[in-house]
Amino acid sequence: MKENRIKTVSLVLFVFIGAATVLWQILFSKTTSVYLICAVILLACALVFFLSYENSAPSARELALMAVLIALAVASRAVFYMLPQFKPVAAVVIVCAVCLGAEKGYIIGAFSAFVSNFIFGQGIWTPFQMVALGSVGFAAAVVFKIIKPNRWTLSAVGFVLAFALYGLIADAGSALIMATDNNIKTVLAVYAAGVPFSAVFGGATALFLFIFGEGFIKKLNRIIIKYGITKAVPNSQNSEVKNER
C-alpha cells in the first residue's frame with residue numbers, strides 16, 4: 001500500500017509539474033524557453049521513478065529482461081527507418097507494459113525513445129518523445145488491467161494511444177518551438193499538421209499489435225514465469241502459458 005501511494009503521488013507531481021511548466025511558457029511567459037521546459041520535464045520524469053524505486057529491489061534478471069526489451073524496441077524503430085512514422089516501437093512498448101506493469105512500461109518506453117534517438121538524432125524533441133512513449137506504456141498497462149488483451153483490443157487501444165496520447169505529447173515540443181509569440185493559433189496549426197503523421201504511427205501500431213501482439217504477450221509471459229523474474233500482469237494469459245508448458 002505504501003509503495004502504491006508513493007507511485008500515485010510521484011505520478012501526480014510529474015503530471016502537475018510538466019503541465020504547469022508547458023502552460024506557463026505558452027500562455028504567460030513573454031519568451032518561450034524550450035530548453036527550460038525540457039529540463040523540467042526530464043527532472044519531473046526522473047522524480048517519478050526515483051521515488052518509486054526507493055522502496056523496490058529489482059532483481060538482476062528483471063533488469064536484464066528490461067534491458068533486452070528496450071534493445072528490442074530500439075531495433076524495431078531502427079529497422080523501419082526508411083518509412084517515416086511507420087514503426088512498431090509503440091507496439092513493443094505496449095506489449096511490455098501489458099506483461100510487466102505500468103511502471104516498467106513507462107521505463108521501457110522512455111528509455112526506448114532516448115536510446116533510439118542516438119540513431120535518429122537527439123534534440124529538444126527527445127524529452128517529449130520520452131515522456132510520450134513512456135506514457136503510452138503506462139496507459140496501456142492501466143487499460144489492460146481492466147480489459148483482456150486480444151488482437152482486437154490491443155489494436156484499438158494501441159491506435160488510440162499512439163495517435164492521440166503520443167501525438168499530443170510529442171507534438172508539444174514542435175508547438176513550443178514554433179509558438180514563440182505565445183499564439184494559440186500557431187499551436188493548433190502545429191498539432192493539425194501533425195495529425196497525418198500521428199495517424200500513420202497509430203495505424204502501424206494497431207497493425208503490428210493485431211498481427212503479433214497476442215503471440216508476443218504469451219512468449220514474454222512464458223519467460224517471466226519460467227525464470228521467476230516478476231509477476232506477469234494478465235492472469236488470464238498466465239494460465240494459458242502454464243497450460244502450454
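Hi everyone, let's start in helix 5, residues 102-120: Phe114 and Phe118 sit four residues apart there, so about one helical turn separates them. Before I go on, please keep in mind that this is a predicted model.

How exposed are these two residues? Phe114 is partly exposed, at 33% relative accessible area, while Phe118 counts as exposed, with 58%.

Now for the rings themselves. A pair of aromatic rings is described by the distance of the centres and the angle of the planes. For Phe114 and Phe118, the centres are 5.3 Å apart and the planes stand at 80°; over 60 degrees counts as edge-to-face, so that is what we call this pair.

Let's move on to helix 7, residues 151-178. Here Phe159 and Phe163 are also four residues apart, so again about one helical turn lies between them. Stacked or edge-to-face? Phe159 and Phe163 are stacked, with 5.5 Å from centre to centre and 5° between the planes. Both residues are partly exposed: Phe159 has a relative accessible area of 33%, and Phe163 has 29%.

There is also an aromatic cluster to look for on your screens, formed by Phe80, Phe86, Phe208 and Phe212.

Next, how helices pack. Two packed helices are described by the angle between their axes and the distance between the axes.

Take helix 4, residues 89-100, and helix 6, residues 126-143. Their axes come within 8 Å and cross at roughly 40°. That makes helix 4 oblique to helix 6, and the crossing is right-handed. Which residues meet? From helix 4 we have Val89, Ala90, Val93, Ile94 and Ala97, and from helix 6 Leu133, Val136, Gly137, Ala140 and Ala141. Nine of these contact residues are nonpolar, one is polar and none is charged.

Now turn to helix 4 with helix 5. These axes come within 8 Å too, but cross at roughly 155°. Over 145 degrees counts as roughly antiparallel, so that is how helix 4 and helix 5 run relative to each other. This crossing is right-handed as well. On the helix 4 side, the contact uses Val93, Cys96, Ala97 and Leu100; on the helix 5 side, Lys104, Gly105, Ile108, Gly109 and Ser112. Here the residues divide into five nonpolar, three polar and one charged.

Methods:
Residues are numbered from 1 along each chain as its sequence is written. This is a predicted model: local features need pLDDT of at least 70, side-chain atom pairs count only at pLDDT 80 or more; totals for chains, interfaces and linings use all residues. Side-chain values use heavy atoms; hydrogens and water are left out. Axes are lines fitted to C-alpha atoms, for helices over the stretch in contact, and angles run from 0 to 180 degrees between N-to-C directions. Helices (H or I, at least four residues) and strands (E, at least two) are DSSP runs, numbered from the N terminus. Angles under 35 degrees count as roughly parallel, over 145 as roughly antiparallel, 65 to 115 as roughly perpendicular and the rest as oblique. A crossing is left-handed if the near helix is turned anticlockwise from the far one by less than a right angle, and right-handed if clockwise. Contact means heavy atoms within 4.5 Å. Ala, Val, Leu, Ile, Met, Phe, Trp, Tyr, Cys and Pro count as nonpolar, Asp, Glu, Lys and Arg as charged, and the others, Gly among them, as polar. Rings of Phe, Tyr and Trp (its six-membered ring) pair if their centres lie within 6.5 Å; planes under 30 degrees apart count as stacked, over 60 as edge-to-face and the rest as tilted. Buried means under 20% relative accessible area, exposed over 50%, partly exposed in between (1.4 Å probe, protein chains only).
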